[in-house]
Amino acid sequence: MSAEKLLIVEDDPGLQRQLRWCFDRYEILVAEDRPSAMAQLRRHEPAVVLQDLGLPPDPDGVSEGLATLNDIIDAAPHTKVIVVTGNGDATSAVRSVSLGAYDFYEKPVDTDTLNLIVARAFHLADLERQNRALMLARQTPLAGVLGASESMARIARTVEKVARTRATVLLQGETGTGKEVLARAIHRLSDRASESFVAINCAAIPENLLESELFGYERGAFTGAQNQTRGKIEMAEGGTLFLDEIGDMPVSLQSKLLRFLQERVLERVGGRREIPVDTRVVCATHQNLPGQIDSGNFRQDLYYRISEIVIDIPPLRARESDPLLLARHFLAAAAQQHGSAVRGLTDDAAEAVSAYEWPGNVRELEHRINRAVIMAEGKLITLEDLGLDHSGGERPSFSLREVRDRAEERAVREALARATDNVSKAADLLGVSRPTLYDLMRKFDLKC
Ligand SMILES: Nc1ncnc2c1ncn2[C@@H]1O[C@H](COP(=O)(O)OP(=O)(O)OP(=O)(O)O)[C@@H](O)[C@H]1O
């Protein structure tokens with residue numbers, strides 16, 4: 001195996017020689033200023049760089065050293081840069097780390113300690129490289145659906161298989177786990193991809209409007225029905241109909257949907273004519289539908305009809321390496337979108353991403369990373385930017401609004417759990433109207 005490459009950026013020839021001698025187990029590359037450092041970096045792609053902060057034309061200051069560090073991180077963000085600072089220059093050391101340096105070391109040079117720091121940096125760089133390769137190899141083959149976990153790989157394989165059939169698919173998973181993303185993937189991979197994908201959220205539409213939204217209506221069917229209007233089912237002709245939060249569909253409407261699924265014909269509200277519609281149906285729910293059947297809120301025959309293929313999407317916290325993989329993906333996307341210089345996460349921020357429970361799943365992760373990219377001051381997102389702590393819980397806050405929000409969110413979650421996710425019952429428990437509860441659920445990402 002070829003020796004690992006270490007780039008030493010140092011303008012003092014005496015120190016250069018000493019460092020060369022000290023690190024003879026590595027393949028040493030030397031540069032004395034920024035241009036030569038960048039040339040070496042591009043040519044040899046060293047995993048670790050040991051860099052003096054005092055470089056010409058500012059050998060007594062840190063401006064050129066910091067600029068060099070900046071350029072290195074920009075050009076090769078995975079490189080571990082160890083910055084060597086003047087004795088007692090803690091401010092520059094901290095600045096360097098916030099710019100993305102892996103570690104710092106204060107002069108005078110003690111070769112044993114420095115050797116340890118460099119060896120650790122190589123070890124970490126190697127682990128990260130292996131991790132990246134592994135993640136790349138295990139990315140799900142579905143465009144737009146990221147995941148390195150075994151469970152997502154399994155789901156991707158199922159989606160590929162069922163997409164080509166006409167089977168009705170039920171996607172089950174907590175809010176924000178990616179049910180709609182997968183429904184779209186099923187559509188994209190099917191022979192209906194060139195036709196429409198029509199989504200409707202059964203929980204977000206008031207009960208009395210849902211029927212006409214789905215089935216359409218004839219002119220004069222009810223007050224205000226001035227024109228004949230096609231419903232979402234008809235709009236999905238030839239394509240895919242995505243019924244999100246099917247568990248929230250009123251029982252009265254469930255029988256009408258069942259009839260459509262069995263006979264593939266529908267009648268618009270106020271109409272008499274049977275209209276055939278050829279659409280593939282994909283449903284999603286965050287509820288436990290068998291439980292809903294027991295409590296009389298969901299028709300068993302409809303459940304059998306929509307659950308030809310059931311795909312269970314595990315919550316993000318149960319998906320091994322996915323949180324970090326997704327965080328890095330959202331970070332790169334947000335940095336590009338906002339023109340931000342943020343390139344990665346500090347070690348403790350990365351640890352917190354892996355340890356956090358992610359009650360709002362991928363959606364919450366995406367929002368937090370997006371916000372952190374905007375808030376970050378350095379090149380790395382810190383724990384503070386994320387608003388998470390090591391224990392994975394919420395950061396304590398005494399802001400009255402935040403305390404109120406947290407209490408509200410807890411009450412909404414509890415009411416939904418007690419009402420086994422029946423929105424009307426939960427609204428009763430909370431003493432608010434259904435629309436108010438929907439607003440609260442949207443606010444806390446419990447539904448969209
Ligand atoms: N595997 C994934 N790869 C990339 N992005 C994802 C993935 N899963 C979810 N997302 C993103 O997370 C957000 C939430 O996903 P989605 O709307 O599909 O979740 P959901 O389970 O349908 O949520 P809800 O139950 O609230 O309707 C979206 O912005 C989506 O793009």
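How many helices and strands does the chain have? I looked this up before anything else. I found 19 helices and 14 strands. Both are DSSP runs, numbered from the N terminus: helices are H or I with at least four residues, strands are E with at least two.

I noted the ground rules next. The model is predicted, so local features need pLDDT of at least 70 and side-chain atom pairs count only at pLDDT 80 or more, while totals for chains, interfaces and linings use all residues. Residues are numbered from 1 along each chain as its sequence is written.

**Whole chain.** I checked burial. Of the 448 residues, 37% count as buried. Buried means 20 or more other C-beta atoms within 10 Å of the residue's own; exposed means 12 or fewer; partly exposed lies in between, with C-beta atoms placed from the backbone. I then looked at contacts, which are pairs with C-beta atoms, placed from the backbone, within 7 Å. Among those between residues at least 6 apart in sequence, 67% join residues at least 24 apart.

**Helix α2.** I went to residues 34-44. Here R34, A37 and L41 are buried. E45 follows the helix, and its phi is positive, near 45°.

**The sheet.** I traced an open sheet of five strands, in the order β7-β8-β11-β6-β12, with parallel pairing. Its edge strands, β7 (197-201) and β12 (309-312), each pair on one side only. Two strands pair if DSSP finds at least two bridges between them. The twist averages 20° from one strand to the next. Axes here are lines fitted to C-alpha atoms, and angles run from 0 to 180 degrees between N-to-C directions. I picked one pair to follow. Four bridges join β6 (169-172) to β11 (280-285), and the two run parallel. L170 has C283 of β11 as its bridge partner.

Definitions and conventions: Two residues are in contact if their C-beta atoms, placed from the backbone, lie within 7 Å.
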